Amino acid sequence: MDVEIGRTVAERFQRYVRYDTQSAEESKTYPSTEKQKNLGRLLVDELTELGLKDATIDEHGYVTATMTANIKRTIPTIGLIAHMDTSPDVSGNNVKPHVHKNYSGQDIVLPGDSTQVIRLSETPELKKQLGNDIITSDGTTLLGADDKAGVAEIIDALHYLTKHPEVEHGTIKVGFTPDEEVGRGVEHFDVQKFGAQYAYTMDGGEVNEIETETFCADSLHITFSGVSFHPGYAKGKLVNSIKLASAFLNKLPQNTDSPETTEKTEGYVHPHAIQGGVEETVVKFIIRDFELEGLKKKEASLRALAEETVRDHPRSGFKFEVKESYRNMKYVLDKYPEVVEKAMKAARMAGLQPKLHSIRGGTDGAKLCYMGLPTPNLATGMHNFHSKLEWISIQDMKKSVEVILNLIKVWAETTP
Ligand SMILES: [Zn+2]
């Protein structure tokens, strides 16, 4: 595709990362930090300049806009979504993007802090970047490719379409969201009003990956109850719930089923907090599995272990409370196979060998799937996100723009 894309996507990206849009975990407001709206307002201006007349930012910080169809026949309205905030884990204040031109296989020492080094030995993906131009921060902050790369790629694709009216497309809806990194990105997102039939988040990593699966996730509280008594006169009477909880935890599988012992498509049960006293002790879990059936099995086995624990203590007991967190988006996407098929086709047209990928976590797209908007996650090219060693290549960003444009063409071509 022509050079026009490359010129603009990298420029846009480097402009956006200079805006501090870090979201905050403990905040009670929405968006969690007001400063995210500064980038939002800039994006509204840029979308307006591109001719998207309804570009707007609402009180929650959502930026939306419509690119109207340039053909008469009816085509599904497609949404393109990216998030504006950056991770609370690493500072996003005063980001200074740095372009390392024509990468030749060396370790990349970041210019503002020489202890921050992206090592080839730890970063096998770098081997595919020989000759490419790699953008990093100066090493004192994150870069913010997650997810300003997604934002820049979407806007750059729209820019291309405005310059090339001969490319046929249906109606395209754009959505830029705050607070994805604190798990609240779609909390106030109005799917109905957004008006897309299908959507794609641009928030993935390696450029040929299409993410179509997330975990099924529940949280679980097991509250053990004992009997409190004056410890001096407690013989045969006191039942200590702290000890019950500890006996229970000892029964958990040691070498399997834990975050620290699983990878790829394996699920886990993870006790992440414990609090209590003699009378009552609560153990808090998160449970993860790619299949709902597996999730339920894991919960059943924890219940069995809790039952076993209290069996020998007649006056003890436990309460078992499961709360749904989110579900694998695959269950929704499987009902609309063309959404992923078209993304695969678009990637192949760009010379990529697309690979379906599972996320060991959730995404806004997964939530949107269950809010009525089937939304797989496409790659932006970002790497080492949530870290000072974050990087992305300009060539991969251009590839992602090309995939977006192909996708828009594929939807227009194959829909009669
Ligand atoms: Zn992200």
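User: How do the residues lining the largest cavity divide into nonpolar, polar and charged?

Analyst: This is a predicted model, in which local features need pLDDT of at least 70, side-chain atom pairs count only at pLDDT 80 or more, and totals for chains, interfaces and linings use all residues. Numbering starts from 1 along each chain as its sequence is written, and side-chain values use heavy atoms, leaving out hydrogens and water. Here Ala, Val, Leu, Ile, Met, Phe, Trp, Tyr, Cys and Pro count as nonpolar, Asp, Glu, Lys and Arg as charged, and the others, Gly among them, as polar. The lining, with Val207 and Leu352 among its residues, comes out as eight nonpolar, two polar and one charged.

User: What volume does the largest cavity have?

Analyst: On a 1 Å grid over the protein atoms alone, a cavity is a set of points where a 1.4 Å probe fits but cannot get out; a pocket is an open set with protein on both sides within 12 Å along at least five of seven lines, and lining residues have an atom within 4 Å of a point. Points join across faces, edges and corners, and volume is the space filled by probe spheres set on them. The structure holds three cavities of 30 Å³ or more. The largest of them has a volume of about 70 Å³.

User: And the largest pocket, which elements give two or more residues to its lining?

Analyst: That pocket has a volume of about 570 Å³. Of its 25 lining residues, the closest to the centre are Asp146, Asp203, Glu211, Ile359 and Phe385. Strands here are DSSP E runs of at least two residues and helices are H or I runs of at least four, numbered from the N terminus. The elements asked for are β9 (198-204) and β10 (209-213).

User: Is β9 buried or exposed?

Analyst: Buried means under 20% relative accessible area and exposed over 50%, with partly exposed in between (1.4 Å probe, protein chains only). Seven of the seven residues of β9 pass that test, so the rest of the structure largely encloses this strand, and the answer is buried.

User: In β16, which residue is the bridge partner of Met202?

Analyst: Two strands pair if DSSP finds at least two bridges between them. Strand β3 (residues 78-83) runs parallel to β9, joined by four bridges, while three bridges join β9 to β16, also parallel. Met202's partner in β16 is Leu378.
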